[in-house]
Amino acid sequence: MNNMFMSSSATEIGELLQQSYDHWLHTNARWWEVINYDPKPATGCSPKELLWSKNKSKLYHYQASTPRRFRTPLLLIYALINKPYVLDLMPGFSLIEYLVNEGFDVYMLDWGEFEWEDRDLTFADLVYDYIAPSARRVARNAYSEEITIIGYCQGGTMSTMYAALFDRPILRNLVYLAAPIDFEGAGTYDVWLKAPGYDPDRIADMMELVPKEFIDWGTRMLNPLNNYWGTYTRLWKTIEEDKPINFWKVLNKWTKDNVNFPGGIYRDWIRDFYQGNKLIKNQIVLRGRRVQLQRIRANLLALVGQKDHIALPHQTAAALTYLGGNDKTYQEFPVGHGGLVLGATARDNIFPVLCSWLADHSDPWENDDSNGHNGHR
Amino acid sequence: MNGENGKSQGFNIPNPYKMWENIYFSAEDSMGTLMKKMVETKDFANGIDLILNSYLQYLKFQNEMASVYIENTPLSSKQDTARLARLLVALENKFDRLEDDFTNELSAIKQQSNDMLEQLSEFQQGKAEHQNDISRQISKTLDDLRSLITKVDQMEDHLKHVLGSSPEPVQEAVPAPKKTRVPKAKS
């Protein structure tokens, strides 16, 4: 549709105006329909089996029809905000699907939806009672003494605490996807969470289980107009330009699919990490054991988005300074927080980089019948 | 409008829909940037905290009132349900620990069995080697014995030869053996 009706006759202009009007009406009608009536798209479609479950959390093992190429298993640990199916969004746009097809043995820890009885959970509980048993089970199931952990956002921070505290199974590789390690200069969060009137203890005590709406509000208000209204105008524009809207629907479903936050973890997260920046100071103590970042000797890959406004690039880059180990790789991509795992840029540029690095840092799979495995999972 | 289909007199007007769209999205971008800058200010953070703390005060009052009311009703509260759920989670923890202990024990037994098998195989290998040594020693002794017998035979032959060529026969120095009666075997 042209911007200007250049030197056309009145009849043609009338027809074009009518066409534009019809198209505009159609766009509005379809827009309204998608927002209000379209069914939610299917997500998390990669075939998987439940390996272990505890409370609401589940450890999944992804199945593949392709032969396995690498012995070292991958354990994906997601954040506590929104749901982990963003890592397996839809066929063709799924990090897990990509990794599985490349021949990796992939596992993912899904935290589930926290409820009232989980309100006192702390990071110590998550690290000791959920991540550590998951890592043991992954190693056992894969017949491997070594594992790789991929931590997304807050999942990366939790993986760091695990890596500093546990020696077995051996953590060969640690991969960060937009994972904050240094909490100094955390952008807008720095202003909000360090304001004199902001008291995480009070919030945790009063709310106990911090409702998902509150967490969602905190994330969306970082860019309010864009997140609250812009998402719908983007849909309108996509429909108006006759582009496929399936990806928008999937993304919209995920961004609205929040979970409650245990008050104990909220208190730790804000007070010890954002306000105290205790992780890089080695001041985090979980069940009497100090989290010392220099103890982490695993190979490190840190992937960050240049436009990330939730975990800023320097927050992840700090891992290069504070973690032990000699093999450290850092790479930035021109994407935002979710862009590392969402969309065509992730699929075409970021996943191949991740896979290539993992392939270089994993043991190749050798058919060994003594393990009872034949290469297929 | 004059001429064929009015084309002789051209109009040059903008598409109002497109114009609206451009204006709208430009305005949205500007507003978005403005709002983003606004929420990054300390004033905004302080204002929000004021609202938040007021809400928390209200929540505290509401929770206290609700707990007083619930304590006096014969219905189970969400605290009761949570307590039950926690018991279940604790039970799960115990099962997990048992499973871990069992797996560790099993691994330890497997390891010990492997070690024992290795030791046994080493012992058997050692035993076989020992047997070989003994066989070798017996063979050597037998060989020595054979060579000794051969030498004795040679010496005997030589002695016979020497005695045979002697001019005077040598008297028997050893007395003749007594004749003994061999008892008949009972039929």
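Does B:Ile134 count as buried, partly exposed or exposed, and at what relative accessibility? B:Ile134 counts as partly exposed because its relative accessibility is 39%, where buried means under 20% relative accessible area, exposed over 50% and partly exposed in between (1.4 Å probe, protein chains only). The model is predicted, with local features needing pLDDT of at least 70 and side-chain atom pairs pLDDT 80 or more, while totals for chains, interfaces and linings use all residues. Residues are numbered from 1 along each chain, chains are lettered from A, and side-chain values use heavy atoms, without hydrogens and water.

B:Ile134 lies in helix 3 (residues 78-164) of chain B; helices are DSSP runs of H or I with at least four residues, and strands are runs of E with at least two.

Helix 1 (residues 10-36) of chain A packs against helix 1 (residues 16-39) of chain B at an angle of about 45°, with axes 9 Å apart.

A:Glu117 and A:Lys56 form one, with the closest N and O atoms 2.4 Å apart; the two residues are 61 residues apart in the chain. A:Glu117 counts as buried, at 17% relative accessibility.

Terms used. Axes are lines fitted to C-alpha atoms, for helices over the stretch in contact, and angles run from 0 to 180 degrees between N-to-C directions. A salt bridge is a side-chain nitrogen of Lys or Arg within 4 Å of a carboxyl oxygen of Asp or Glu.
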